[in-house]
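Welcome, and thanks for taking a look at this one with us.

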Amino acid sequence: MAVFNDKGRIREVWNTFRRTFRRVRPDSMTSHTEQPQTAKPSFRLTRKKPLAAGITALVLAVIAALSGTQYVKANTFDIVEVYKDGKLIGEVGSQQQVEQLIDSKQAELKASHPDVNMVLDTGKITYGRKSAYKAKPDSDSTLNKLAGLLTAHATGVELKVNGKVVGIVKDQATADSILQRVENKYVPRETAKKNLAVTTLSYTGEGSNAKQDASKTELKSVKIVDQVGTEETSIQPGQIADPNEVYLKLVQGTVKPTKYTVQDGDCIGCIAEKFDISPQVIYERNPWIQDDMIKVGDVLDLTVLKPEVTVQTVENVTETETVDPQTVIQKNSNMRAGETKVIREGKSGKKKVVYKLTKQNGYLMSEELLGEQVLVPSIPAIVMKGTKVILGEGTGHFSWPVSGARLTSSFGKRWGRLHKGIDMVGNKNIKAADNGVIEFAGQKTGYGNCVIINHRNGYETLYGHMSKILVKKGQTVEKGEQIGIMGNTGHSTGTHLHFEVHKNGDLQNPIKYL
């Protein structure tokens with residue numbers, strides 16, 4: 001069967017019909033008056049055959065044209081050409097077959113690597129379309145060929161701190177989750193549970209009308225102060241790290257044991273600043289330290305975790321504190337110096353104080369007083385104090401013999417024997433702790449250059465390890481008068497003052513009197 005052009009064939013049949021009709025129509029319209037009655041039957045017999053033949057030809061032609069067109073259409077198929085990166089791979093029956101292949105490959109990748117983000121490298125897939133008579137594409141061959149050309153690679157997200165890669169995780173969501181977990185570690189538990197604010201009841205007031213006042217901790221901010229960044233990169237599947245391991249590395253980092261020997265002039269705060277750590281670290285690692293007292297030669301454990309990141313939190317803490325009453329002094333010249341008489345007892349008050357606490361990785365770095373509010377005013381005490389001075393007689397109240405004194409060793413047992421006094425550093429000028437008479441000024445075994453003052457009221461004070469003595473035996477001195485210069489003579493571990501108090505010949509703890 002030949003292939004017909006539908007429009008052209010129909011036009012050809014129509015023209016044939018018209019020509020046939022024109023040949024027949026004039027005879028059929030001849031007047032009856034021009035033809036004999038006997039000729040009419042002959043006309044019908046001779047002219048009817050051409051007309052019938054034309055109509056029959058027309059019908060057959062139309063039927064043939066329509067039948068051929070339907071057959072061609074029924075056997076003509078659309079073909080999809082598949083191109084990868086501009087190169088023809090083959091032909092398939094539909095674009096959907098290629099899309100299903102790609103979806104299937106992506107599903108296989110996900111199933112075989114559930115913990116890794118795998119990317120299917122398809123290249124640039126494009127399509128061409130054409131129609132052909134009795135065409136039949138080899139879809140299976142094309143799809144198999146395309147599948148063989150597809151490759152895949154894994155991607156991950158590098159987590160960087162100050163430009164250093166700490167770990168590679170599956171995706172950005174995992175990285176964000178880890179960083180959020182790091183920040184949450186240092187958020188105070190109370191504030192995390194109660195919308196970043198917590199209140200605890202604190203007693204204020206007295207008697208049956210006592211009230212409960214709230215002490216409140218409010219988290220103002222939490223942030224990682226280091227430069228933290230993320231970047232997607234191509235990797236091998238085995239490079240993906242466990243999120244928990246990355247988290248622990250960020251918050252724990254490395255541990256490097258650190259020991260430090262106390263030197264002359266050191267203090268807890270000074271050492272903390274020198275090593276850029278919180279004083280809290282020193283207290284936790286060296287629980288033997290009491291009242292900040294350390295001495296030259298002491299070995300401190302300063303070992304501390306070095307996390308990869310530093311999380312800084314700022315908290316506002318509101319507390320209710322007791323306000324000790326002030327003391328109003330009324331002088332009485334008829335009373336001996338050192339004698340006192342209470343005229344009115346003082347009464348403590350209450351005030352609300354707001355502090356700003358800045359912490360790094362949970363350790364307190366600084367504390368700032370933001371404001372205070374008096375809740376209950378304190379009532380001052382009134383004390384009458386004698387001013388009558390008897391030359392060389394002490395008042396019984398001792399002042400610190402060193403300005404800006406800082407204790408380095410306390411009274412009591414030390415190194416298996418009794419430490420008879422306290423050690424301190426501060427201003428190098430040594431002053432008399434009270435009025436008295438110099439009983440001894442010179443070298444004394446163990447004490448080096450030493451001064452002893454008799455306060456003529458049962459008390460004596462001793463000042464040891466001086467580098468220079470500025471008084472003589474028998475000399476009368478007043479409280480606060482300079483008697484020597486701090487030094488390192490005798491059995492000493494560094495420049496400091498050794499100070500003792502004796503009462504009626506018995507050794508006393510100086511802290512009780514200063």
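Contact here means heavy atoms within 4.5 Å. With that in hand, please keep in mind that this is a predicted model. Two packed helices are described by the angle between their axes and the distance between the axes.

**Helices α3 and α4**

- In α3, the residues Gln-97, Val-98, Leu-101 and Lys-105 meet Ser-139, Leu-143, Leu-146 and Ala-147 of α4.
- Sorted by class, the α3 contact with α4 holds five nonpolar, two polar and one charged residues.
- Helix α3 covers residues 95-112 and helix α4 covers residues 139-149; their axes come within 11 Å and cross at roughly 40°.
- Angles under 35 degrees count as roughly parallel and those from 65 to 115 as roughly perpendicular, and α3 and α4 are therefore oblique to each other.
- The crossing in which α3 passes α4 is right-handed.

**Helices α5 and α7**

- Helix α5 (residues 172-185) and helix α7 (residues 243-252) have axes that come within 10 Å and cross at roughly 40°.
- These two helices, α5 and α7, are therefore oblique to each other.
- On the α5 side, the contact is made by Thr-174, Ile-178, Leu-179, Arg-181, Val-182 and Lys-185.
- Across from them, α7 brings Pro-243, Asn-244, Val-246, Tyr-247, Leu-250 and Val-251.
- Eight nonpolar, two polar and two charged residues make up the contact of α5 with α7.
- As for handedness, α5 passes α7 in a right-handed crossing.

**The largest pocket**

- If you are thinking about volumes, the largest pocket holds about 600 Å³ of space.
- Its lining counts 24 residues, and Val-304, Leu-305, Pro-307, Asn-361 and Tyr-363 lie nearest the centre of the pocket.
- Two or more lining residues come from each of α7, α9 (279-285), β13 (305-306) and β18 (363-376).
- Which element gives the most to the lining of the largest pocket? That is α9, with four residues.
- The lining of the largest pocket divides by class into 11 nonpolar, eight polar and five charged residues.

Definitions and conventions. Residues are numbered from 1 along each chain as its sequence is written. This is a predicted model: local features need pLDDT of at least 70, side-chain atom pairs count only at pLDDT 80 or more; totals for chains, interfaces and linings use all residues. Side-chain values use heavy atoms; hydrogens and water are left out. Axes are lines fitted to C-alpha atoms, for helices over the stretch in contact, and angles run from 0 to 180 degrees between N-to-C directions. Angles under 35 degrees count as roughly parallel, over 145 as roughly antiparallel, 65 to 115 as roughly perpendicular and the rest as oblique. A crossing is left-handed if the near helix is turned anticlockwise from the far one by less than a right angle, and right-handed if clockwise. Ala, Val, Leu, Ile, Met, Phe, Trp, Tyr, Cys and Pro count as nonpolar, Asp, Glu, Lys and Arg as charged, and the others, Gly among them, as polar. On a 1 Å grid over the protein atoms alone, a cavity is a set of points where a 1.4 Å probe fits but cannot get out, and a pocket is an open set with protein on both sides within 12 Å along at least five of seven lines; lining residues have an atom within 4 Å of a point. Grid points are joined across faces, edges and corners, and a volume is the space filled by probe spheres set on the points.
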